[in-house]
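Open the model in your viewer and keep the sequence panel beside it. The stops below are given in the order in which to select them.

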Amino acid sequence: MEINRGISRLLKPTYHTPTLPPTDAFIPLSPFDTVTYQIHVGFLFAYRPPNPSNEVIEQGLRRLLAEYREFAGRLIFDDSGRQCILLNDEGIRFVEATSDSPLGSLMDKPSLYYLDLHPDITGIEEELFQVQLTRFACRSMVVGCTIHHAVLDAQSLSRFFIAWGQTVRNGIPVLPLPLHDRSIFIPRNPPHFQFVHSEIEYTAHHRTAKHPEQQHTIVMERAHFSSEFLAKLKSKASSDNPCDKPYTTFECLTAHLWRKITRVRKLEEELTTTVRIPVNGRFRMRNPTVPMSYLGNVVLWAWPCSKVKGLLSKPVGHAARLIHDAVVRVDDDYFRSFIDFSSSKEKMEGLVQSAYGGDVVLSPDLEVSSWLRIPFYDMNFGANPPCLFVPSYERVEGLLHLVPSFTGIGDVDAFVSLFDSDMRSFIEELYYLD
């Protein structure tokens, strides 16, 4: 299928006030912004007809950018060496594209076609946010977006997408408006360094990409899990749970995938395998809390780990317990300790963030992004919600995305990237509960 990219231009905010805001103001990034991946990430939304025109969608986006100025800004460093977002209203990249073919089932199975449905992620000059509207012969539409991760996390991004839909429908941005103040993460006095962040979120070594020459052998597949399968998995995993509360869908499915992927990789039994799991601080920090309207990143990571032999020889409930315990440990104390540590010039001397984003092969480890509780399906431009939401095609071996499935309530889709040779075995035994 051929995608014909036409007009590509910079889209700037539209203001409906007599006084325009200054274009030399800037917002210093928070420690959570600078510790995360400094890369663009891509998403795709598919819509069945009818759909509003490109002009209507564009006008709504322009109005919304007046409230989300960070999207139209640029990353800079101030005189003190702090990385900031300059609110200069230079604009976002906006691309209009068409296809002479119907959308059909093009997006049901991950493929390199995904990359044609959003602006290029690599080689971006300065834009922090990019949008591509692709219209198909069947009148379906795909909205493809990329966002620089330093600007915000998935929770904040979902609020932007929902607000975009409501602005297109109603002509005004949704309330409440975003909280832009990234200086709310104040270190304690005196600071209290309770955890060894220099070996977790930070490292003293600059990273280089692992095995970039193997990228062409990596494929992404979508694994579908029905609510019935997940119920059986949760029952099995929680059968020997020492707590009264059963493990969550996320804990059980991640445990299941961790074991299946570890088995098909054929790793040495004494090797340690680790899962990197993002933890949303909005649900962890207590005093003070972080408003849900906060615009930015508030994510750290849990790191459940196990020897390969123990992971595969013990039941899935054991892996679920490792995941549960690791996530629980990333609590309010952990987030406060991180703020104290990252605000200390002495502690931060010579350190860089460990979230590199350039690795091609994660084995023996995994990284999981869970969007199970993030309402991306609520981006409705007025006619209907998206019929499909998917991450972009990523050739990073060991990377997993968990998203609510479009096929039914309670179903989950896992987008899994593995070596082609491992993927065949993975699919064959994926639905066996051992």
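**Cysteines**

Select Cys84, which is buried at a relative accessible area of 0%; buried means under 20% relative accessible area, exposed over 50% and partly exposed in between, with a 1.4 Å probe and protein chains only. This is a predicted model, in which local features need pLDDT of at least 70 and side-chain atom pairs count only at pLDDT 80 or more, while totals for chains, interfaces and linings use all residues. Residues are numbered from 1 along each chain as its sequence is written, and side-chain values use heavy atoms, with hydrogens and water left out.

The structure holds zero disulfides, a disulfide being a pair of cysteine sulfur atoms within 2.5 Å.

**Nonpolar core**

Select Phe71, Val143 and Trp164, the residues with the most contacts inside the largest nonpolar core, which has 119 residues. Such a core is a set of buried Ala, Val, Leu, Ile, Met, Phe, Trp, Tyr and Cys residues joined through side-chain atoms within 4.5 Å. Its largest share, eight residues, comes from helix α5 (residues 249-265). Helices (H or I, at least four residues) and strands (E, at least two) are DSSP runs, numbered from the N terminus.

Now show what surrounds Trp164. Beyond four places in sequence, Trp164 touches Ile57, Gly60, Leu61, Leu64, Val131, Val143, Cys145, Met379 and Phe381, where contact means heavy atoms within 4.5 Å.

**Two buried loop residues**

Move to Leu103, in the loop between β6 (92-98) and β7 (129-135). Leu103 is buried, at a relative accessible area of 3%. Its contacts, not counting residues up to four places away in sequence, are Met1, Ala46, Arg48, Phe136, Cys138, Ser140 and Val142. A distance drawn from the C-alpha atom of Leu103 to that of Asp116, 13 residues apart along the chain, reads 13 Å.

Then select Ser392, in the loop between β16 (388-391) and β17 (399-404). Ser392 is buried, with a relative accessible area of 1%. Leaving aside neighbours within four places in sequence, Ser392 contacts Gly42, Phe43, Tyr114, Leu115, His118 and Met220.
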